[in-house]
Amino acid sequence: MSAARSFTDVGYDEAMRRARALVPTLRERADAAESLRQMPKETLDDLHRTGLLRFHQPRRWGGMEVDFVALFDLPAEVGRGCASTAWNVANLGVHHWMLALYDERAQAEVWDANPDAIIASGIAFPQGRGRRVDGGVVISGYWNFSSGVDASDWNMLAAIIRDGDRIVDHRMCLVPRGEYEIVDDWTVLGMRSTGSKSVRVTDLFVPEHRALSMYLARGGSDFPGARANANPLYRVPLTALGTHCLAGAGVGNAQAALELTIEAIRDRSTSYTAMRMRDFQAVQLRVADAGARIDAARLVIRTDCLDAARLAADGRVPSVPDKLRFKRNVAHAMALCTGAVDELHALAGANGIYDRYPIQRLFRDQHALSAHFGFSWDAQGPPWALVALGGEFSSPTL
C-alpha cells in the first residue's frame, strides 16, 4: 500500500477540516457537475487525496476508522458545498464500512488491489433474485440508483435468495466491474451529479465469501469480518442506521440553502418598495423557522448515531423498537429539512425560477434526495407506532 494512500493518522477533527475546506470548490463546480451527470474527475481526485471516502475503512487497510458519528457529520459538511457529492461521499464511504463486515477474503480481493477502490451498490432487495449453488449463489436483477457507478471498481447488489418459493436469505453480493452492465438512465429532476445509473446482471455466479448474509449484519459480532475488524463501530446494525449517512446530504444541502439565503437577503431590497428584506418580520420568521428545522434535524440524526455507537461499545444490540425509532427519526429529520428548503426557496420569489440562482438547484436536489425510501414518512413512521401501540412488526433484515 502506498504511504500516500494511508489515512490511519487522520482523526475525526482533521477529516472534518478536510471536508470543510472542499465546500467553496464544490459550490463552484456544482453547475458543471450537474451537466456532467456524474462526479467530475477533479472532485473524485479531491476525495481520494483527502481520504474522505475512507472514513470507516479499517485502519489495517489504511483507512481512518473514525468514530461512527462521522458517517453523518462528514457528508453533512460536504453537503454544504454540493448535495450530490455529499450523497456519493456517504454512499461510497459507507460501502467501505460494509466491506469490513464481509469475509476477509472479500476484503483482500478489493483492498489488496486498491485500498482506494470505489464500491457502488444496488440496495433494493426485491430488484435482485438468486438461488444457492455449490460454492455461492447465482443472481439476476436490475437495480436502480447505483450512485457513483461510473467511477466504481465493484458493486454490492442486493438479492433475495429463494429455495423454490421459499425465501431463505437476503444477500449483498460483491461483484467486480466487468461482471455487471451499467444502464444510462440517469436523466432526473435533481441530484444529477450523483450519477446514480442502473445496473443489470443475468445468471451471475457470486462466490460465498462475496455474498454477505444480511441476517448477520443486524448488530452484534456475527458478521464474517468480526474477527479481523473488532472496532465496535462495525457492530452497529446496518439496516437500522444505513440511511443516516445519506441524511447528511440532506442536512448539508438545507444548511447551504440557509447560508445562501442569509447572504442574499442581508443587503437586498425588494423590487417594488425599496425596503430592505431583512426588516420584514415575515422574512425573519421564515429564516428563523428554517434554521430551527435544520438544527433539529441535525440533532436527532447525530443523537441516533451516538446512541447506536454507545450500544455497540457496550456489546449490546438495539431492540427492534429502537431500530424502528432510528428509522422513524431519520425520515422525520429529512421532512424537516425539506420544509426548511421549501421556505427558503419561497423567499427567493421570482428569482427562484432561474437556473442561475443556486437555491433553485438546492430545491430540486432536496426533493430528489428526500424521495429515497428510507426517508419516506409513510413507510418509516408507521412500523414504530405499530410496535409502540402493542402490535407486531417483522423484517428479516432488521
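Biologist: Where is D203 found, and what makes a stretch of chain a strand?

Modeller: D203 is found in strand β7, residues 197-207. A strand is a DSSP run of E with at least two residues, a helix is a run of H or I with at least four, and both are numbered from the N terminus. This is a predicted model, in which local features need pLDDT of at least 70 and side-chain atom pairs count only at pLDDT 80 or more, while totals for chains, interfaces and linings use all residues. Residues are numbered from 1 along each chain as its sequence is written, and side-chain values use heavy atoms, with hydrogens and water left out.

Biologist: Why is D203 called exposed?

Modeller: Exposed means over 50% relative accessible area, buried means under 20%, and partly exposed lies in between (1.4 Å probe, protein chains only). D203 has 55%, so D203 is exposed.

Biologist: What is the phi of D203?

Modeller: D203 has a positive phi of about 50 degrees, although D203 is not a glycine. Most residues other than glycine have a negative phi.

Biologist: Why is T50 called buried?

Modeller: The relative accessible area of T50 is 4%, so T50 is buried. T50 has its place in helix α2, residues 41-50. Other buried residues of α2 include T43, L44, L47 and H48, and what covers the buried residues of this helix includes α1 and α4. α2 is followed by G51, whose phi is positive, near 75 degrees.

Biologist: How do you know that T50 makes a polar contact with D46?

Modeller: A polar contact is a pair of N or O atoms within 3.5 Å; within protein, one must be able to donate a hydrogen and the other to accept it, and residues adjacent in sequence count only if both atoms are side-chain atoms. A polar atom of the T50 side chain lies 2.8 Å from the backbone oxygen of D46.

Biologist: Which residues does T50 contact beyond its neighbours within four places in sequence?

Modeller: T50 is in contact (heavy atoms within 4.5 Å) with F7, R18, L22 and M64.

Biologist: Why is G63 called buried?

Modeller: G63 has a relative accessible area of 0%, so G63 is buried. G63 lies in the loop between α2 and α3 (70-78), and touches F7, T8, R54, Q57 and P58, not counting residues up to four places away in sequence.

Biologist: What makes β4 and β5 a pair?

Modeller: Two strands pair if DSSP finds at least two bridges between them. β4 (residues 154-163) and β5 (residues 166-176) have 10 bridges and pair in the antiparallel sense. I160 has H170 in β5 as its bridge partner. Their hairpin has two residues between the strands, and G164 there takes a positive phi near 70 degrees.

Biologist: Which other strand pairs with β5, and over how many bridges?

Modeller: β5 pairs with β8 (residues 211-213) in the antiparallel sense over three bridges. R171 stands opposite S213 in β8. Nine of the 11 residues of β5 are buried, which leaves that strand mostly covered.

Biologist: Which strand runs parallel to β4, and how many bridges join the two?

Modeller: β1 (residues 119-122) runs parallel to β4, and four bridges join them. A120 stands opposite N155 in β4. In a regular strand the side chains alternate between the two faces of the sheet. In β1, I119 and S121 point one way, A120 and G122 point the other way, and all are buried.

Biologist: What makes a space a pocket, and what makes it a cavity?

Modeller: On a 1 Å grid over the protein atoms alone, a cavity is a set of points where a 1.4 Å probe fits but cannot get out, and a pocket is an open set with protein on both sides within 12 Å along at least five of seven lines; lining residues have an atom within 4 Å of a point. Grid points are joined across faces, edges and corners, and a volume is the space filled by probe spheres set on the points. The largest pocket has a volume of about 1,400 Å³. It has 50 lining residues, and the closest to its centre are I123, T243, H372, F373 and G374.
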